[in-house]
Amino acid sequence: SPPLLLPTTTDETAAKLNATVDKHIADAQRASRLKQLGQQLFALQDSLAREVAGLSEGATALHVNYDSTKEDARQLVGDFMQKRNVALAQYRDIIFAMRREVSAEEWKALNQ
């Protein structure tokens, strides 16, 4: 069966983020920085979705190759985990950068 894919960012998703930021953040410079960080999050999400799809394709290829070994599978998963860990660290850093740009009330409003 085909792999389940992570949702990818759409223009509508980006527009919703921008509208929410504009609604709750009056300062144009902070709003611009938040929108830019949001775009970085979307790019990271799309990249991770491609990595998950690649993992699925790699697993399928290993499954149909009778000569593949456990080591091949370990290598495939290890490579994915390494990339995933880097992506999660970037995600964390972007979220913290966004959080530094806003007050507690603004953050709450942005995340409703």
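Me: At what angle do H1 and H2 pack, and how far apart are their axes?
Reply: The structure is a predicted model. Two packed helices are described by the angle between their axes and by the distance between those axes. For H1 and H2, the axes lie 10 Å apart and the packing angle is about 155°.

Me: Are H1 and H2 roughly parallel or roughly antiparallel to each other?
Reply: The packing angle of this pair is about 155°. Angles over 145 degrees count as roughly antiparallel. H1 and H2 are therefore roughly antiparallel.

Me: Is the crossing of H1 and H2 left-handed or right-handed, and which residues make the contact?
Reply: The crossing of the two helices is right-handed. On the H2 side, the contact involves Ala31, Leu34, Lys35, Gly38, Gln39 and Phe42. The residues contributed by H1 are Thr13, Ala14, Leu17, Asn18, Val21 and Asp22.

Me: Leaving aside neighbours within four places in sequence, with which residues is isoleucine 94 in contact?
Reply: Once neighbours within four places in sequence are set aside, its contacts are Leu37, Gln40, Leu41 and Leu44.

Me: Is glutamate 106 buried or exposed?
Reply: Glutamate 106 belongs to helix H4, which spans residues 104-110. Its relative accessible area is 17%, and the cut-off for burial is under 20%. Glutamate 106 is therefore buried.

Me: How far does the backbone nitrogen of serine 103 lie from a polar atom of the side chain of glutamate 106?
Reply: Beyond its neighbours within four places in sequence, glutamate 106 is in contact with His24, Ile25, Arg30 and Glu101. Between a polar atom of the glutamate 106 side chain and the backbone nitrogen of serine 103, the distance is 2.8 Å.

Me: Is glutamate 105 buried or exposed, and how far in space is it from glutamate 71?
Reply: Glutamate 105 is also located in helix H4. Because its relative accessibility is 61%, glutamate 105 counts as exposed. Glutamate 71 is 34 residues away in sequence, and the C-alpha to C-alpha distance is 50 Å.

Me: What distance separates the C-alpha atoms of histidine 63 and glutamine 75?
Reply: Histidine 63 is placed in helix H2 and is exposed, with a relative accessible area of 65%. Along the chain, histidine 63 and glutamine 75 are 12 residues apart. Their C-alpha atoms are separated by 14 Å.

Terms used
Residues are numbered from 1 along each chain as its sequence is written. This is a predicted model: local features need pLDDT of at least 70, side-chain atom pairs count only at pLDDT 80 or more; totals for chains, interfaces and linings use all residues. Side-chain values use heavy atoms; hydrogens and water are left out. Helices (H or I, at least four residues) and strands (E, at least two) are DSSP runs, numbered from the N terminus. Buried means under 20% relative accessible area, exposed over 50%, partly exposed in between (1.4 Å probe, protein chains only). A polar contact is a pair of N or O atoms within 3.5 Å; within protein, one must be able to donate a hydrogen and the other to accept it, and residues adjacent in sequence count only if both atoms are side-chain atoms. Contact means heavy atoms within 4.5 Å. Axes are lines fitted to C-alpha atoms, for helices over the stretch in contact, and angles run from 0 to 180 degrees between N-to-C directions. Angles under 35 degrees count as roughly parallel, over 145 as roughly antiparallel, 65 to 115 as roughly perpendicular and the rest as oblique. A crossing is left-handed if the near helix is turned anticlockwise from the far one by less than a right angle, and right-handed if clockwise.
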